[in-house]
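The sequence and structure are shown below.

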Amino acid sequence: MSMLICAAGVAVSPPATPDEKTAMGSTTKVWTLDVTAEALDQGKVHLSDLVTINKEEASHLPPESVMADTSNTPLEKGEVVKLADLIRGMMYPSGNNAAYAIADHVARAYYGPNADWHDFVDLMNTFAASH
């Protein structure tokens, strides 16, 4: 049995069936976790931050998605979720919409209230280039 613990110390619970083979989380989600851990280390965001889920995050699918098995964490528009819980939802069950909510939140911490996941992509690319 394995458990993922990010640099910020958030334990992501193992699946109920630990021996079941599943696809790994996407590289983008791993980078999102890395950048979020950096933001946590810098005090830009906190695990206790409350994140309000917007319409896009509640049911986000990539544009013209070709992935029939795209996974999402159950999120409702207007729901308020702790950042720590979004991290868990992003990593298992590999929730794409939780990743978008985290990206929006971290981008706003760096760039202000009008930032979104598009700005996070720039932040992630800068982070990747420096590591």
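## Handedness of a helix crossing

A crossing is called left-handed if the near helix is turned anticlockwise from the far one by less than a right angle, and right-handed if clockwise. In this predicted model, the crossing of helix α1 with helix α3 is left-handed, and the crossing of α1 with α4 is likewise left-handed.

## Overall organisation

The chain contains 5 helices and 4 strands.

Buried residues make up 37% of the 131 residues of the chain. Among contacts with a sequence separation of 6 or more, 61% join residues 24 or more positions apart.

## Packing of α1 against α3

Helix α1 spans residues 27-41 and helix α3 spans residues 83-91; their axes come within 10 Å and cross at roughly 160°. Because angles over 145 degrees count as roughly antiparallel, α1 is roughly antiparallel to α3.

On the α1 side, the contact is made by Lys29, Val30, Thr32, Leu33, Thr36 and Leu40, while α3 contributes Leu83, Ile87, Met90 and Met91. By class, the residues of this contact comprise 7 nonpolar, 2 polar and 1 charged.

## Packing of α1 against α4

The axes of α1 and α4 lie 10 Å apart, and the two helices pack at an angle of about 35°. From α1, the residues Lys29, Thr32, Val35, Thr36, Glu38 and Ala39 meet Asn96, Ala99, Ile102, Val106 and Tyr110 of α4. The contact of α1 with α4 divides into 6 nonpolar, 3 polar and 2 charged residues.

Lys29, Thr32 and Thr36 of α1 take part in the contact with α3 and also in the contact with α4.

In soluble globular proteins, nonpolar side chains tend to be buried together. Here the largest nonpolar core holds 26 residues, of which Val35, Leu86, Met90, Ile102, Val106 and Phe120 touch the most other members. Helices α1, α3, α4 (96-111) and α5 (117-130) each supply at least two residues of this core. The greatest contribution comes from α4, with 7 residues.

Which residues does Ile102 contact, leaving aside its neighbours within four places in sequence? They are Thr32, Thr36, Leu83, Leu86, Ile87 and Met90. Of these, Thr32 and Thr36 belong to the α1 side of the contact with α3, and Leu83, Ile87 and Met90 to the α3 side. Ile102 itself is one of the α4 residues that meet α1.

Key. Residues are numbered from 1 along each chain as its sequence is written. This is a predicted model: local features need pLDDT of at least 70, side-chain atom pairs count only at pLDDT 80 or more; totals for chains, interfaces and linings use all residues. Side-chain values use heavy atoms; hydrogens and water are left out. Axes are lines fitted to C-alpha atoms, for helices over the stretch in contact, and angles run from 0 to 180 degrees between N-to-C directions. Angles under 35 degrees count as roughly parallel, over 145 as roughly antiparallel, 65 to 115 as roughly perpendicular and the rest as oblique. Contact means heavy atoms within 4.5 Å. Ala, Val, Leu, Ile, Met, Phe, Trp, Tyr, Cys and Pro count as nonpolar, Asp, Glu, Lys and Arg as charged, and the others, Gly among them, as polar. A nonpolar core is a set of buried Ala, Val, Leu, Ile, Met, Phe, Trp, Tyr and Cys residues joined through side-chain atoms within 4.5 Å. Buried means under 20% relative accessible area, exposed over 50%, partly exposed in between (1.4 Å probe, protein chains only).
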